[in-house]
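Thanks for coming. I have one chain to go through today, so please have the sequence and the model open.

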Amino acid sequence: MENLFLKLRSRTTDPFARIKNYLKFRIERLLLLGVHFHLLFIASLVGLVAVGGGLMVQETEAPFDDYETAIWWAFLRLTDPGYLGDDEGIPRRVISTVVTVLGYVLFMGSLIAIMTQWLNQTIRNFERGLTPIVRRNHILILGWTNRTSEIVSELMRAEGRVRRFLQLLGAHGLHVVILSEDVSLERTTELRRALGSLWNPKKITFRSGIPLRIEHLERVDFKNASAIILPGADFAYGSADESDMRIIKTLMSISNQGEKRDAKETLPLLVTEIFDSDKVDMAKRAYRGILEILASDVFITRCMAQNVRHPGLSHVFHEILSHGVGNEIYIHTSKQFTGSRFGDLSGAYPKAILLGVVRPQGESFCPLLNPPEDLILESEDRLVFLAENHRDCEPLRNYQIERVSRKFQEVPYVKEKGKRRVLILGWNHKAVELLKEFDRQIDEQFEVSVLSLVPLAEREAEIEQKGIDLRRVAVTHREGETTSLSNLREMEPDRYDNVVILGSDRVETQEESDARTIVVHLVLRNVLDEGTHKPEILVDLLDSDNVAMFEDYDSEVLITPLIASHVLAQVALRREINVVYEELFTVGGAEIFFRRVLDYGIAGQNVNFGELQEMSACRGEIALGIRFQNSGVVLNPTRDEPYILSESDDLIVLVRED
């Protein structure tokens with residue numbers, strides 16, 4: 001009975017407090033509706049004060065003729081204090097003063113506060129990139145990862161490629177739109193610092209959002225983009241597998257939105273990156289438009305595997321896969337040579353090296369690099385070059401085709417090592433693909449030792465999933481800390497032919513990963529200084545700013561995000577180049593090798609590069625340049641410049657293994 005009485009009392013106690021709280025709650029809900037309701041609320045208060053002041057002044061000894069005039073009098077005092085001196089009589093002056101003071105608080109103070117808050121909020125919304133854009137033929141990058149700034153940099157540097165790409169679409173200039181979850185001054189500053197002198201705010205637009213949401217995709221006008229680049233992320237989404245799943249979901253989101261469009265319209269070209277090659281077919285089925293996929297783990301580990309077999313190739317890869325650094329791959333259409341033999345065009349391009357042909361094949365392309373010299377060019381063929389710029393890929397004017405007849409020679413080259421011992425320090429999502437690339441080398445066997453903190457069972461499960469033949473690639477695992485001096489001593493790294501240091505993907509940022517890689521490299525160097533044999537060292541690095549840490553050593557560095565960014569940017573501008581890169585870095589097709597000068601029998605002789613090209617052509621190879629033992633790599637040198645090559649120098653050639 002007592003509890004019932006307390007409940008009833010609690011419901012009826014202080015009813016005014018409940019009314020007050022109810023009013024405060026309703027006002028709160030009203031004000032949360034936005035700035036328009038803020039103004040409506042203040043206007044209501046101003047109206048109440050004006051009406052109250054008018055009614056009060058009508059009760060004084062000197063009332064107005066009617067209530068409307070009295071209310072208007074109060075409203076004028078409320079909005080303009082200049083009327084205050086016109087009033088006579090103490091009651092009217094008191095009322096006028098009170099109304100005027102309320103006017104300062106309500107009419108002026110509140111109005112200024114509301115407008116200032118609204119203006120600040122509007123500016124913040126603009127800074128956050130919430131306003132939809134209206135553009136055509138822009139290049140859209142979906143997501144901010146450790147690839148994005150490098151992709152933008154490549155697009156800015158590739159001025160000629162971009163101009164030709166946009167001319168085909170009828171556009172006038174490059175404009176890059178970036179959809180990022182976090183749009184802030186810090187993000188803009190980060191990109192500006194990465195671009196340096198290439199920074200141009202008129203060509204770059206940030207918008208806030210995630211590519212999984214249709215309204216965010218519409219915010220960046222994805223339907224009218226000339227190309228969409230969807231980069232992967234080593235760290236942004238937690239793991240390589242999560243990055244792949246996020247990309248596939250994004251492809252499905254864009255495709256589903258594309259189904260609602262006019263049937264005559266098509267989805268833009270989309271270039272994306274998938275880490276796990278087993279998910280490539282899944283990604284192709286998810287997108288209904290033209291899709292180019294970079295299987296980055298496979299691509300990068302192919303570079304690594306070739307560099308393990310041919311130490312020094314990282315310098316060649318760096319030049320070919322970096323815009324503005326020496327030579328790179330160009331694709332050029334030359335219909336004037338339709339019906340001609342491939343081997344007869346060697347003299348038409350004195351400043352570029354003709355590598356082969358890209359031939360349309362349905363909706364895709366077929367690369368024919370280092371083809372037979374009697375290959376007949378078709379009208380839709382594109383020629384592939386290694387050159388410093390696109391202008392060098394133009395043939396000589398009035399070039400007269402003459403049939404070239406070469407006498408091919410069989411040369412007994414020195415074969416690769418029958419068995420190679422490799423030490424891998426670390427374990428990340430590229431490790432299994434690297435072992436798989438070793439498995440593809442049919443002429444060699446590999447003995448691989450792995451030192452990592454990743455549990456043995458997890459590593460073995462990944463290897464089994466990829467179906468690696470452990471009879472050809474014998475793998476020995478050891479659990480341990482790669483930064484530990486004692487652990488590295490126990491591995492005896494001087495007994496190996498090659499050491500590969502893989503960056504860690506189990507930390508939160510690429511800065512942390514590179515810091516760990518640098519420490520591993522220093523500890524390894526200390527251990528190797530205690531022995532006599534120095535193996536070839538290859539480092540998997542993530543940030544180009546850290547390359548300077550390795551300049552005092554003979555170690556080779558592959559900046560893997562930089563490689564992926566370059567390929568993504570270039571494929572977006574010329575999609576045929578994707579199959580060229582795949583062919584160049586695939587075992588069994590056209591590969592870049594080093595050939596000893598001794599194999600050519602020209603050590604100590606005075607020869608020019610034009611003569612070296614002809615010698616290589618007679619062996620079924622294409623000479624790309626020279627690697628000097630003391631001065632590094634020279635690609636596509638001047639044809640008539642003489643060289644005296646030593647026995648320790650090498651020719652860089654394009655070889656078709658099959």
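Before the helix pairs, one definition: axes here are lines fitted to C-alpha atoms, for helices over the stretch in contact, and angles run from 0 to 180 degrees between N-to-C directions. Helices (H or I, at least four residues) and strands (E, at least two) are DSSP runs, numbered from the N terminus. This is a predicted model, in which local features need pLDDT of at least 70 and side-chain atom pairs count only at pLDDT 80 or more, while totals for chains, interfaces and linings use all residues. Residues are numbered from 1 along each chain as its sequence is written, and side-chain values use heavy atoms, with hydrogens and water left out.

Now the pair I had in mind. H18 and H19 pack at an angle of about 140°, and their axes are 8 Å apart. On the H18 side the contact (heavy atoms within 4.5 Å) uses His566, Val567, Gln570 and Val571, and on the H19 side Ile577, Asn578 and Tyr581. By type, the residues of this contact are four nonpolar, three polar and no charged. For that count, Ala, Val, Leu, Ile, Met, Phe, Trp, Tyr, Cys and Pro are nonpolar, Asp, Glu, Lys and Arg are charged, and the others, Gly among them, are polar.

How much of H19 is buried? Seven of the eight residues of this helix, which spans residues 577-584, are buried, so H19 is largely enclosed by the rest of the structure. Buried means under 20% relative accessible area, exposed over 50%, and partly exposed in between, with a 1.4 Å probe and protein chains only. The buried residues of H19 are Ile577, Asn578, Val579, Val580, Tyr581, Glu583 and Leu584.

H18 has another partner. Helix H12 (residues 296-309) packs against H18 at an angle of about 120°, with the axes 10 Å apart. H12 and H18 are therefore oblique to each other; angles under 35 degrees count as roughly parallel, over 145 as roughly antiparallel, 65 to 115 as roughly perpendicular and the rest as oblique. The crossing of H12 over H18 is right-handed, meaning that the near helix is turned clockwise from the far one by less than a right angle, with anticlockwise being left-handed. Phe299, Ile300 and Met304 of H12 meet Thr560, Ile563 and Val567 of H18. That contact has five nonpolar residues, one polar and no charged. On spacing, residues three or four places apart in an α-helix point the same way, because the helix has 3.6 residues a turn.

H12 also packs with helix H13 (residues 313-320), at an angle of about 145° and with the axes 8 Å apart. Here Cys303, Gln306 and Asn307 of H12 meet Leu313, Ser314 and Phe317 of H13.

Next, the chain overall. It has 21 helices and 22 strands, and buried residues make up 52% of its 658 residues. Among contacts between residues at least 6 apart in sequence, 74% join residues at least 24 apart.

On to the cores. A nonpolar core is a set of buried Ala, Val, Leu, Ile, Met, Phe, Trp, Tyr and Cys residues joined through side-chain atoms within 4.5 Å. The largest has 101 residues, of which Ile329, Phe438 and Leu624 touch the most other members. H18 (residues 560-573) gives this core its largest share, eight residues. A second, separate core has 26 residues, including Phe222, Ala225, Val280 and Leu291. Going back to Phe438, its contacts beyond four places in sequence are Ala305, Val308, Val422, Phe446, Val448, Arg472 and Val473.

Asn370 lies in the loop between strands E9 (364-369) and E10 (382-387), and has a positive phi, near 50°, though it is a residue other than glycine. Asn370 is buried, at 9% relative accessible area. Asn636, in the loop between strands E20 (632-635) and E21 (642-644), likewise has phi near 50° and is buried, at 8%.

Tyr643 sits in strand E21 and is buried, with a relative accessible area of 11%. Tyr643 and Gly604 are 39 residues apart in sequence and 9.1 Å apart in space, C-alpha to C-alpha.

Last, is Lys279 buried or exposed? Lys279 is in the loop between strand E5 (269-274) and helix H11 (280-286), and at 11% relative accessibility counts as buried. Beyond four places in sequence, Lys279 touches Asp241, Asp244, Met245, Ile248 and Ile274.
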